[in-house]
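Biologist: I would like to learn how to read a structure. Can we go through one together?

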Amino acid sequence: MILLKIVVALLMIAFMAVGSVLWGVVGFLITLGMTIVLNGMFNRWEAKTSAK
């Protein structure tokens with residue numbers, strides 16, 4: 001599970017970097033928002049699977 005967290009974090013950082021390079025500050029803010037939403041979804045999924 002730790003490896004999955006590391007991979008997801010690196011993908012989120014890469015996603016934000018690509019957004020900021022392609023679209024500047026607006027792209028950074030948009031991808032930052034999307035990353036926060038994906039992080040919340042991942043945390044909920046992890047809490048659901050670890051509760052079992």
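Modeller: Let us start with a single residue. V7 is partly exposed, because its relative accessible area is 40%. V7 sits in helix α1. Keep in mind that this is a predicted model.

Biologist: What are the cut-offs for buried and exposed?

Modeller: Under 20% relative accessible area is buried, over 50% is exposed, and partly exposed lies in between. Take F42: its value is 15%, so F42 is buried. W45 has 42%, so W45 is partly exposed.

Biologist: How many residues does helix α1 have, and how far apart are its ends?

Modeller: Helix α1 covers residues 2-50, which is 49 residues. A straight helix at 1.5 Å a residue would reach 72 Å. Here the end C-alpha atoms are only 13 Å apart.

Biologist: Where is the kink in α1 centred?

Modeller: The kink is centred on W23. Its angle is about 150°.

Biologist: Is N43 buried or partly exposed?

Modeller: N43 has 39% relative accessibility, so N43 is partly exposed. N43 belongs to helix α1.

Biologist: Which residues of α1 are buried?

Modeller: The buried ones are V8, M12, M16, G19, G27, T31, T35, F42 and E46. Look at how they are spaced as you step along the helix. An α-helix has 3.6 residues a turn, so residues three or four places apart point the same way.

Biologist: How many aromatic pairs are there?

Modeller: The structure holds 1 aromatic pair. F42 and W45 form this pair, with 5.8 Å from centre to centre and 35° between the planes. Stacked planes are under 30 degrees apart and edge-to-face planes are over 60, so this pair counts as tilted. Both residues lie in helix α1, 3 residues apart, about one turn of the helix.

Biologist: Which residues form the nonpolar patch on the surface?

Modeller: I2, I6, L10 and I13 form that patch. Together they have about 420 Å² of accessible area. A patch residue needs over 30% relative accessible area. Check I6, which lies in helix α1. I6 has 45%, so I6 is partly exposed.

Biologist: Let me recap. Helix α1 has a kink centred on W23, and its end C-alpha atoms are only 13 Å apart. F42 is buried, and F42 pairs with W45.

Key. Residues are numbered from 1 along each chain as its sequence is written. This is a predicted model: local features need pLDDT of at least 70, side-chain atom pairs count only at pLDDT 80 or more; totals for chains, interfaces and linings use all residues. Side-chain values use heavy atoms; hydrogens and water are left out. Helices (H or I, at least four residues) and strands (E, at least two) are DSSP runs, numbered from the N terminus. The expected span of a helix is 1.5 Å times one less than its number of residues. The bend at a residue is the angle between axes fitted to the seven residues ending there and the seven starting there. Buried means under 20% relative accessible area, exposed over 50%, partly exposed in between (1.4 Å probe, protein chains only). Rings of Phe, Tyr and Trp (its six-membered ring) pair if their centres lie within 6.5 Å; planes under 30 degrees apart count as stacked, over 60 as edge-to-face and the rest as tilted. Patches are made of residues with over 30% relative accessible area and no salt bridge: like charges are joined within 9 Å, nonpolar side chains (Val, Leu, Ile, Met, Phe, Trp, Tyr) within 5 Å. Accessible areas come from the Shrake-Rupley method with a 1.4 Å probe; for residues, only the protein chains shown count as cover. A salt bridge is a side-chain nitrogen of Lys or Arg within 4 Å of a carboxyl oxygen of Asp or Glu.
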